[in-house]
Amino acid sequence: MKPLPLLLLISTLLYSLCSYFQNGIPASYWDWRHELVLLSGVQLMTVMSAAMLLATRPAWLEKTLSGLDKMYGLHKQLGIAAGILLATHWLIKLSPKLIIAMEWAAPRIKRSGGIKDPLVSFAKDVGEWAAWAVLAMVILALLRAVPYRFWRKVHKLFAPLFLMGAFHGLILMPRTMWLTPVGALLAALLISGSICAIYSLLGKIGKSRQVNGHISQITPLPANQLEVICQMDSNWPSHQAGQFALVSFNQSEGAHPYTIASAPRQNGELRFIIKALGDYTRTLAQDLKVGGKVKVEGPYGCFDGEANSPRQAWIAGGIGVTPFLAWLESPDFKGQQIDFYYCVKSAKDAARLTEIQAACHAKNLRLHLIESDTGQRLNIAVINAETLDDIWYCGPQSLGKAISQHLAKMSNPPRFHHEVFAMR
């Protein structure tokens with residue numbers, strides 16, 4: 001089962017069982033409302049705590065979740081789920097006016113003479129303020145028109161908003177529930193999520209994996225691509241061919257993920273090939289200078305190949321050729337039966353085509369250059385997937401989806417590996 005449904009299932013079952021053994025089955029609308037408000041709150045803290053954990057980029061989870069790119073994809077799913085659960089939580093809370101107006105339930109008779117707890121009232125207000133802010137952040141994250149540099153700064157507000165939500169949950173959770181298994185779960189979620197939030201607020205995320213360096217070479221390539229060679233300091237931990245790093249050329253812009261387009265080199269050199277796709281990358285050719293400082297965080301990712309797999313297909317779409325450039329430079333890939341499909345607009349737009357052709361010839365790989373300008377298209381059916389052990393793909397999501405759908409129709413498909421570079 002996928003992580004998000006699993007988290008929701010565990011939190012739902014645990015709360016439902018504890019509530020049933022403690023209170024039985026709700027007998028009225030007001031009882032149902034009370035239970036559903038608490039249930040949605042526990043579900044919400046579950047997904048928000050998980051999102052907070054993934055935001056810290058924990059190295060120990062990378063292999064389990066198949067790389068940082070997949071972790072960020074899950075982080076996005078958790079954020080969307082948090083927005084939906086948050087809206088559900090408040091709609092249930094606000095439902096009495098509609099229910100009473102429709103005469104589906106009688107008004108609740110309030111006890112008189114009670115003294116309001118100011119801490120409870122404050123926790124309710126804090127929760128409401130945080131709710132509106134989180135919903136606004138989720139909407140901003142989904143609006144692709146919002147510039148990355150603005151979204152990155154706003155996104156940092158998630159940490160204090162989580163702490164506000166944790167305070168809300170801590171105060172409003174019924175005391176009797178804290179002594180049950182769901183209380184233990186919520187306590188663990190609040191503690192772990194709060195630690196991650198404080199870690200984020202202190203600016204510690206990724207710090208231990210950041211290494212300084214400088215730009216040693218810049219080479220313009222066809223189709224608005226730029227090759228940047230970075231000389232890293234001696235504490236660079238090396239990498240596996242096919243991994244990526246978070247690269248910062250400009251502190252105000254922040255780090256962007258780029259595949260390391262070279263195998264490990266003894267002198268600590270890293271090669272990146274960057275295509276001008278957005279506002280920031282379009283200006284790199286003018287902004288970057290030889291000798292300029294660079295900060296690289298990583299390495300990350302599990303797109304590191306399978307040297308022991310005898311029958312493989314590599315499929316690259318445009319700038320998605322970068323991990324395969326690293327593999328072609330690596331001594332690990334030699335002697336396997338590999339067909340390399342490189343999809344480009346035209347041969348003149350291909351990045352380092354001469355280097356690729358020479359490496360494929362040296363390693364006895366079969367290179368298939370597919371040029372869309374000449375009417376060529378990758379026909380997934382002709383790659384003979386039934387004869388393969390693995391297919392490795394890096395490129396546009398649309399082509400990756402088409403490959404995945406084709407493989408899903410097979411009774412015994414090969415393993416399909418792909419990167420998901422959607423970091424927001």
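Two strands pair if DSSP finds at least two bridges between them. Strands (E, at least two residues) and helices (H or I, at least four) are themselves DSSP runs, numbered from the N terminus. Before we use those ideas, a word on what you're looking at. This is a predicted model, in which local features need pLDDT of at least 70 and side-chain atom pairs count only at pLDDT 80 or more, while totals for chains, interfaces and linings use all residues. Residues are numbered from 1 along each chain as its sequence is written, and side-chain values use heavy atoms, with hydrogens and water left out.

Let's start at strand E1, residues 210-221. E1 pairs with E2 in the antiparallel sense, over eight bridges, and Leu221 has Gln225 as its bridge partner in E2. The two strands form a hairpin with three residues between them, and Ala223 in that turn has a positive phi of about 60°. E1 also pairs with strand E6 (residues 293-300), again in the antiparallel sense, over five bridges.

Now for the charges. Side chains of opposite charge can pair when their charged atoms come close. Here, a salt bridge means a side-chain nitrogen of Lys or Arg within 4 Å of a carboxyl oxygen of Asp or Glu. Searching the whole structure turns up 13 of them.

Take Glu227, which forms a salt bridge with Arg271, with the closest N and O atoms 3.2 Å apart. Glu227 sits in strand E2 (residues 225-232) and Arg271 in strand E5 (residues 269-275), so this pair ties together parts that are 44 residues apart in sequence. How accessible are the two? Residues count as buried under 20% relative accessible area, exposed over 50% and partly exposed in between (1.4 Å probe, protein chains only). Glu227 is buried, at 3%, and Arg271 is buried with a relative accessibility of 3%.

Glu227 also meets Arg352 in a salt bridge, at 2.7 Å from N to O. Arg352 lies in the loop between strand E8 (337-344) and helix H12 (353-363), so the link to Glu227 in E2 joins parts 125 residues apart in sequence. Arg352 is partly exposed, at 27%.

Next come Glu329 and Arg265, whose side chains meet in a salt bridge at 3.0 Å, N to O. Glu329 is in helix H11 (residues 322-329) and Arg265 in the loop between strand E4 (256-259) and E5, so parts 64 residues apart in sequence are tied together. Glu329 is partly exposed at 31%, and Arg265 is partly exposed at 27%.

Finally, Glu227, Arg265, Glu269, Arg271, Glu329, Arg352 and Glu355 are linked in a network of salt bridges.
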